[in-house]
Amino acid sequence: QVQLVQSGGGSVQAGGSLRLSCAASGNYYSRYYMGWFRQAPGNEREAVAVIETDGRTSYADSVKGRFTISKDNAKNTLYLQMNNLKPEDTDMYYCAAGLYVADFFRASEYTYWGQGTQVTVSS
């Protein structure tokens, strides 16, 4: 089992920044794919940013150029740096990890999930 514990998030004004963290423990290894997803009530959980085993990153079009995903393998921690936040970024954000990931933008590919962190951006 892998446990993912999130921290960060909160409320900011539009144009502000936040950093989300996701600490992995248990049977976790750096070769896992990891990603950030977000979900609003009534919506499907959608990918925001993904980092592959080799460190390559991918972003949703809506956040590209504003968000940066990274991981610190020594700390087993995943990060999402969110800059120039917009009200439409308001959502619950979840980190995820998966060992066997084919389509890494598909939420169902991931086995383990964090508890979720609320991000609220005011105009």
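I'll start with a pair of strands: β4 and β5 run antiparallel and are joined by five bridges. Keep in mind that this is a predicted model. Across that pair, Phe-37 stands opposite Ala-47 in β5.

On to the next partner. β5 also pairs with β6, residues 57-59, again in the antiparallel sense, over three bridges. Here Ile-51 has Thr-57 in β6 as its bridge partner. β5 and β6 form a hairpin too, with five residues between them. Gly-55 sits in this turn, with a positive phi of about 95°.

Is β5 mostly covered or mostly open? Mostly covered: five of its six residues are buried.

Now the cores. The largest nonpolar core has 29 residues, and the members that touch the most others are Leu-4, Trp-36, Leu-80 and Met-82. Strands that each supply at least two residues of this core include β4 (33-39) and β5 (46-51), along with β1 (2-7) and β8 (77-82). Which strand gives the most to it? That is β3, with four residues.

Take Leu-4 in more detail. Leaving out residues up to four places away in sequence, its contacts include Cys-22, Met-34, Cys-95, Tyr-112 and Trp-113. There is also a second, separate core, of eight residues. Among its members are Tyr-33, Val-50, Ala-96 and Ala-107.

As background, nonpolar side chains in soluble globular proteins tend to be buried together.

Terms used
Residues numbered from 1 in each chain as written. Predicted model: local features only at pLDDT ≥ 70, side-chain atom pairs only at ≥ 80, totals over all residues. Heavy atoms only, no water. Core = buried A, V, L, I, M, F, W, Y, C linked by side-chain atoms within 4.5 Å. Buried < 20%, exposed > 50% of the residue type's maximum accessible area, 1.4 Å probe, protein only. Contact = heavy atoms within 4.5 Å. Pairing = 2+ DSSP bridges.
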